Amino acid sequence: MALTALELGLRGAVVALFLVVCAVLLLRYAAVNRAASLGAAMGAAGAAYAISTAPFFPAASFGWSSPFIALAMGSPVIFWLWARAIFDEQFVLRPWHAAIWTLLAGLGVVSHNCWTIWPDVAKTCGRMLALATIAFAVLGVTQIPKGWRTAVTTARGRLLIALVIGVGLQMVLAAAAGLAAIPTRSISLSAALGLATFALMSIWMMLFDPPVGEPAAAGTGGQAGRPSGSFEPDGPSPQDRASLNRLNHLMTTERAYRQEGLTIGLLAARLGMPEYRLRTLINEGLGHRNFNAFLNRYRLDEAKAALADTSQAEVPVLTIALDAGFQSLAPFNRAFKADTGLTPSEFRRQAAAAQTADTAEIARSE
């Protein structure tokens with residue numbers, strides 16, 4: 001009973017974590033990222049699986065339990081589509097994808113709810129479901145090579161690969177256990193632990209944005225002499241050039257760097273590309289050490305332009321910092337001093353003095 005209570009508590013936590021995954025994906029990314037909705041569906045399916053495979057869950061008759069079973073048993077199709085959306089930039093959802101999910105979900109409902117009515121039919125549907133689960137899990141994992149080269153270059157991309165492999169492996173093992181008629185109770189706790197691990201990995205990837213390499217002590221890029229906003233890496237592919245042009249427009253025209261709480265995940269969502277690919281473009285294509293350095297480059301350039309503008313001489317430094325996208329004065333001062341060797345006030349005074357000298361020189365020459 002102690003193990004059962006532990007498992008039920010663990011599954012309850014898993015359901016809560018997956019619901020957080022759904023909420024974050026739908027609220028922050030779904031409007032601009034095609035993979036986000038499928039990721040939210042994966043979270044909902046994970047929660048349904050944690051519920052429908054829990055001890056004492058009523059699964060012997062049709063009723064209120066059927067939607068949970070359908071969502072859980074249709075998860076292999078969702079997993080396959082989610083993996084395609086992540087690693088294949090050409091992927092587009094089609095109506096027949098929904099038909100495949102409906103078929104698999106129907107097999108799941110029949111195999112779980114018809115044992116007392118049509119045991120032979122339930123057994124056949126169960127075997128078909130297990131085989132289909134293995135097939136779709138393998139198909140999902142085989143999407144990884146399409147984005148492997150860029151994904152492995154970042155810690156976040158490698159974690160994403162591990163998540164896809166881990167989820168696919170758990171699906172295969174659970175289906176194989178069903179084909180081998182292994183009692184569900186013997187693997188139930190391990191399945192719950194696996195679900196908890198996947199939920200925590202998902203939340204970590206969504207809510208945190210760990211830097212790659214050194215932390216951004218200054219707002220400079222990784223390559224000396226490259227101008228801010230330069231989008232001319234050595235020999236970019238046509239696809240990368242198009243992506244860099246979109247990024248350039250978003251940063252220079254729409255000034256996305258001003259957005260409060262902007263992360264690389266949110267920026268990737270606005271661009272409609274995987275986060276690991278955007279990170280690769282920023283690090284390798286533009287030469288910045290990490291996302292913070294890339295972001296601060298635009299913010300500092302705007303702040304320097306405002307501080308050098310005599311028409312804004314009365315605008316407080318804090319207002320200029322906030323307008324440029326910094327959250328407070330202290331990090332702005334640190335980044336500005338590291339970039340220019342001057343405080344914002346010193347920079348403003350020097351710019352004003354230089355402009356006064358230029359004006360006097362012009363007057364003398366006339």
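Select N290 to begin: N290 sits in the loop that links α12 (275-285) to α13 (291-308). Helices here are DSSP runs of H or I of at least four residues, numbered from the N terminus. The coordinates belong to a predicted model, in which local features need pLDDT of at least 70 and side-chain atom pairs count only at pLDDT 80 or more, while totals for chains, interfaces and linings use all residues. Residues are numbered from 1 along each chain as its sequence is written, and side-chain values use heavy atoms, with hydrogens and water left out.

**Around N290**

With a relative accessible area of 1%, N290 is buried (buried means under 20%, exposed over 50%, partly exposed in between; 1.4 Å probe, protein chains only). Display its side chain next. The N290 side chain reaches the backbone nitrogen of A293 at 2.9 Å and the backbone nitrogen of N292 at 3.2 Å.

**Helix α15**

Move to K337, a residue of helix α15 (residues 329-340). K337 has a relative accessible area of 41% and is therefore partly exposed. Setting aside neighbours within four places in sequence, K337 is in contact with L342 and T343 (contact means heavy atoms within 4.5 Å). Select F347 as well: K337 and F347 are 10 residues apart in sequence, and their C-alpha atoms are 9.4 Å apart.

**A surface patch**

Now select I117, W118 and V121, which form a nonpolar patch on the surface with about 300 Å² of accessible area together. I117 itself lies in the loop between α5 (95-113) and α6 (119-141). Its relative accessibility is 47%, so I117 counts as partly exposed.

**Confidence**

Finally, colour the chain by pLDDT, the predictor's confidence in each residue, from 0 to 100. The protein chain averages a pLDDT of 78, and 80% of the residues score at least 70. Over residues 208-235 the pLDDT is below 50, although this stretch has 62 contacts in the model beyond near neighbours in sequence.

Methods
Patch = residues over 30% accessible without salt bridge, like charges linked within 9 Å, V, L, I, M, F, W, Y side chains within 5 Å. Areas by Shrake-Rupley, 256 points an atom, 1.4 Å probe, with all protein chains shown as cover. Salt bridge = Lys/Arg side-chain N within 4 Å of Asp/Glu carboxyl O. Helix = DSSP H or I, 4+ residues; strand = E, 2+ residues; numbered from the N terminus. Polar contact = N/O pair within 3.5 Å; in protein donor to acceptor, adjacent residues only side chain to side chain.
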